[in-house]
Amino acid sequence: MFYKFLSTLLLAFAVSANPFVPRDAPAKLSISRYLKTTGVYNVLKQDQARARHLAFRILLGEEIVNEPATNVAFVYVASVGVGKPPTQYSLLIDTGSSNTWVGANKSYVKTSTSKVTKDSVSVSYGSGSFTGTEYIDMVTLGSIVIPNQSIGVASSSFGFTGFDGILGIGPVDLTQGTLSPDSSATIPTVTDNAFSSGQISANKIGVSFEPVQGSSQSSQNGELTWGGVDYSKFIGSIDYAPLTSTSPASFYWGIDQTITYGSSPILSKNAGIVDTGTTLILIATDAFNLYQAATGGVPDNNVGLLSITSSQYSALKNLNFNINGKTYSLTPNGQIWPRSLNSAIGGSSSSIYLIVANIGTPSGNGFDFINGYTFLERFYTVYDTANKRIGFATTPFTAATSN
């Protein structure tokens, strides 16, 4: 516990000495999208593996680490500095986990700010994992400098080819059990420490994505806004929904919602999560069956997603997500995979694939949907730790026809 005590003292000293001026304006960090797939089924299998891991980790206390997915679909990466002077690492943005760690691709560079603790740290993600040592170090997020942040330094990792680690921005309780021997301890997230050290004036993050345009498999098309929101990224007001109390979704950025296809009910009010680490929109098996019947989609053997004809696409209705009394409608164009990237997932360039897929379990389990990237690219979101809520707003891309 000595290093935990030391790090607390150092943080207290840093705050009392006031080397950082609290920000009134939020700080921005650009993030980039990459599409990395190999072979067939990867998009669906990756998302379903993640869903199983997130749910079973809480329900059964089990970590699922043996899923054979060799790569991932859409991933979102930020350049994060660690140390003084900072070494830049390409870290995946993840709202479904809360540990920040480096070393999967580029080795950790120790500097004068590096302080090793007595704890080891390990986290699994369903299609990957890492094990290593806990350090306390300076972390730089754009213009934000966090003086004493717990990070993991990987001695081994699986499933992160081409990237250096993860920037975890989920709820802090997800860090419990990741340290050893301090297994009961939680680790303040980068957002928590940015707020407590006076770097941001509010303990929240605004997240902006944009739909895929063109055939490029990588682009800078996202932004994290630390400590507030970027008003240029959304239209009208932000409406907030309280975090769900239903487990296991309640351990994540979870909400309650209902889903209708046009005016037809698809999913009654149930709990699920909003997640940057999932590509598709996953819904409970019974809800998916209703959606499939309503759209006429047929499973494609090459990609695992539902395929529809041009005439069926023309007949698609809006998919409506009712969240805390507000409705967020996904247009027909927002329900299909970007056609310019069909070949990247092993599909036919002339096919039309739906991005709504089966989560693999029936409704009523407390983890009945995941609103993944294909939802988030159409709506601005705010992850508000201080008030235990998530905000949603429409954007210029909500009704875009870019696919």
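Predicted model: local features only at pLDDT ≥ 70, side-chain atom pairs only at ≥ 80, totals over all residues.

Me: What makes β15 and β22 paired strands?

Reply: Strands pair if there are at least two bridges between them. Three bridges join β15 to β22 (residues 369-371), so the pair meets that requirement. The two strands run antiparallel.

Me: Which sheet holds β15 and β22, and in what order do its strands come?

Reply: They belong to an open sheet of seven strands with mixed pairing, in the order β19-β18-β13-β14-β22-β15-β21. The twist averages 35 degrees from one strand to the next.

Me: Why are β19 and β21 said to stand at the edges?

Reply: β19 (326-330) and β21 (356-358) each have a single partner strand, so one side of each is left without a neighbour in the sheet.

Me: How do you know that β17 and β20 count as a pair?

Reply: The requirement is at least two bridges, and β17 (residues 306-308) and β20 are linked by two, in the antiparallel sense. The pair therefore qualifies. In β20, I352 is the bridge partner of I308. Both strands lie in an open sheet of three strands, ordered β16-β17-β20, with antiparallel pairing. There, β16 (298-299) and β20 (352-353) stand at the edges because each has a single partner strand.

Me: Now to the annotated residues. Which residues does UniProt list for "active site"?

Reply: The unreviewed UniProt entry lists D94 and D275. They are spread over 182 residues of sequence, yet they cluster in space, with a largest C-alpha distance of 7.5 Å. D94 is found in strand β3 (residues 87-94), while D275 is in the loop between β14 (264-274) and β15 (281-283).

Me: Why is D94 called buried?

Reply: Buried means under 20% relative accessible area. D94 has 4% relative accessibility, so the label applies.

Me: And what makes D275 buried?

Reply: The relative accessible area of D275 is 0%, so D275 also falls under the 20% cut-off.

Me: How do you know that R50 makes polar contacts with D94 and D275?

Reply: The N or O atoms must be within 3.5 Å. The side chains of D94 and R50 are joined at 2.5 Å, and those of D275 and R50 at 2.7 Å. Both distances are therefore within the limit.

Me: What else does each aspartate touch, leaving aside its sequence neighbours within four places?

Reply: The contacts of D94 include Y125, I166, L167 and D275. Those of D275 include L54, D94, N371 and Y373.

Me: Finally, how many residues of the protein chain are buried, as a percentage?

Reply: Of the 403 residues in the protein chain, 57% are buried. The chain comes to six helices and 24 strands.

Key: Residues numbered from 1 in each chain as written. Heavy atoms only, no water. UniProt positions renumbered as here; feature names shortened; annotations may be inferred. Helix = DSSP H or I, 4+ residues; strand = E, 2+ residues; numbered from the N terminus. Buried < 20%, exposed > 50% of the residue type's maximum accessible area, 1.4 Å probe, protein only. Contact = heavy atoms within 4.5 Å. Polar contact = N/O pair within 3.5 Å; in protein donor to acceptor, adjacent residues only side chain to side chain. Axes fitted to C-alpha atoms, helices over the stretch in contact; angles between N-to-C directions.
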